[in-house]
Amino acid sequence: MKTQAISKGRRVRVARTFGIACLLLVVLAAGAFAGGTWWLRHAMRAALPQLDGELEVAGLAAPVMVRRDAHGVAHIKAQSVPDMLRAQGYVTAQDRLWQMDMARRLAAGEGAEILGAKLVPHDRMQRVLAFGPTAERMASSLPPDQLQQLEAYAEGVNRYIAEHRGSLPAEFRLLR
């Protein structure tokens with residue numbers, strides 16, 4: 001009789017310990033979920049474009065006015081085409097940097113580098129199609145004025161990236 005009481009008491013302790021461990025795991029999982037949700041919300045808010053006020057962007061020859069309509073579409077007024085294109089690049093990067101980078105990577109056959117091995121067949125096909133070299137060849141054959149316009153746009157995109165290294169869209173931070 002005494003051995004049965006010890007075994008029953010031991011089962012109760014094991015069950016209690018198991019229950020406490022499960023409860024701790026649930027609490028830790030809930031805390032991790034809440035912390036992850038908070039981080040993601042914070043990262044997404046930090047990456048939102050500045051819509052009001054003034055912003056000083058290096059590389060512009062004269063002030064540029066960017067006004068957004070009710071749908072969030074940017075309307076740019078500049079004194080020169082290069083300044084307008086730099087502003088357009090900056091604004092586009094504010095709004096769509098992640099999409100721009102993914103489109104570039106997928107077209108160049110570099111998607112598997114960040115999204116995993118499932119994209120290797122796609123990347124192989126993209127490299128066979130040679131969109132990257134074709135785009136470079138086409139860009140190198142542009143007339144000088146058009147190449148300068150393309151470079152002005154890229155300067156605006158790169159300026160945004162340089163000024164927002166710590167607050168790029170959450171996707172960049174999640175995938176490092």
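The following dialogue examines how the terms applied to this predicted model rest on computed values.

Student: What is the basis of the values and numbering used here?

Tutor: The model is predicted, so local features need pLDDT of at least 70 and side-chain atom pairs count only at pLDDT 80 or more, while totals for chains, interfaces and linings use all residues. Residues are numbered from 1 along each chain as its sequence is written, and side-chain values use heavy atoms, with hydrogens and water left out.

Student: Which residues stand opposite methionine 65 and arginine 68?

Tutor: Lysine 77 in strand 2 is opposite methionine 65, and alanine 74 in strand 2 is opposite arginine 68. The hairpin has five residues between the strands, and in it glycine 72 takes a positive phi near 85°.

Student: Why is methionine 65 called exposed?

Tutor: A residue is buried under 20% relative accessible area, exposed over 50%, and partly exposed in between (1.4 Å probe, protein chains only). Methionine 65 has 53% relative accessibility and therefore counts as exposed.

Student: With which residues is methionine 65 in contact?

Tutor: Contact means heavy atoms within 4.5 Å. Leaving aside neighbours within four places in sequence, methionine 65 is in contact with His75, Ile76 and Lys77. Between methionine 65 and isoleucine 76 the C-alpha to C-alpha separation is 5.7 Å, although they are 11 residues apart in sequence.

Student: Why is helix 2 described as oblique to helix 6?

Tutor: Helix 2 and helix 6 (residues 144-163) pack at an angle of about 50°, with axes 7 Å apart. That angle makes helix 2 oblique to helix 6. Angles under 35 degrees count as roughly parallel, over 145 as roughly antiparallel, 65 to 115 as roughly perpendicular, and the rest as oblique. The axes are lines fitted to C-alpha atoms, for helices over the stretch in contact, and angles run from 0 to 180 degrees between N-to-C directions.

Student: What is the composition of the contact of helix 2 with helix 6?

Tutor: Residues of helix 2 including Leu85, Arg86, Tyr90 and Leu97 meet residues of helix 6 including Ala152, Glu155, Tyr160 and Glu163. The contact divides into 12 nonpolar, six polar and four charged residues. Here Ala, Val, Leu, Ile, Met, Phe, Trp, Tyr, Cys and Pro count as nonpolar, Asp, Glu, Lys and Arg as charged, and the others, Gly among them, as polar.

Student: How do you know that arginine 86 is buried?

Tutor: Arginine 86, in helix 2 (residues 81-108), has 18% relative accessibility and therefore counts as buried. Beyond its neighbours within four places in sequence, arginine 86 is in contact with Gly59, Leu60, Ala152, Glu155 and Gly156.

Student: What makes glutamate 163 partly exposed?

Tutor: Glutamate 163 lies in helix 6, and its relative accessible area of 33% is why it is called partly exposed. Glutamate 163 and alanine 58 are 105 residues apart in sequence and 9.8 Å apart, C-alpha to C-alpha.

Student: Why are helix 2 and helix 4 called roughly perpendicular?

Tutor: Their axes come within 7 Å and cross at roughly 75°, helix 4 spanning residues 120-129. Helix 2 and helix 4 are therefore roughly perpendicular. Leu106, Ala107 and Ala108 in helix 2 meet His122, Gln126 and Arg127 in helix 4, a contact of three nonpolar, two polar and one charged residues.

Student: Why is aspartate 123 classed as buried?

Tutor: Aspartate 123, found in helix 4, has a relative accessible area of 6% and is therefore buried. Apart from residues up to four places away in sequence, aspartate 123 touches Gly109, Glu110, Gly111, Ala112 and Glu113.

Student: How is alanine 130 classed, and what is its phi?

Tutor: Alanine 130 is in the loop between helix 4 and helix 5 (131-140). With 22% relative accessibility, alanine 130 therefore counts as partly exposed. Its phi is near 60°, a positive value in a residue other than glycine.

Conventions
Pairing = 2+ DSSP bridges. Helix = DSSP H or I, 4+ residues; strand = E, 2+ residues; numbered from the N terminus.
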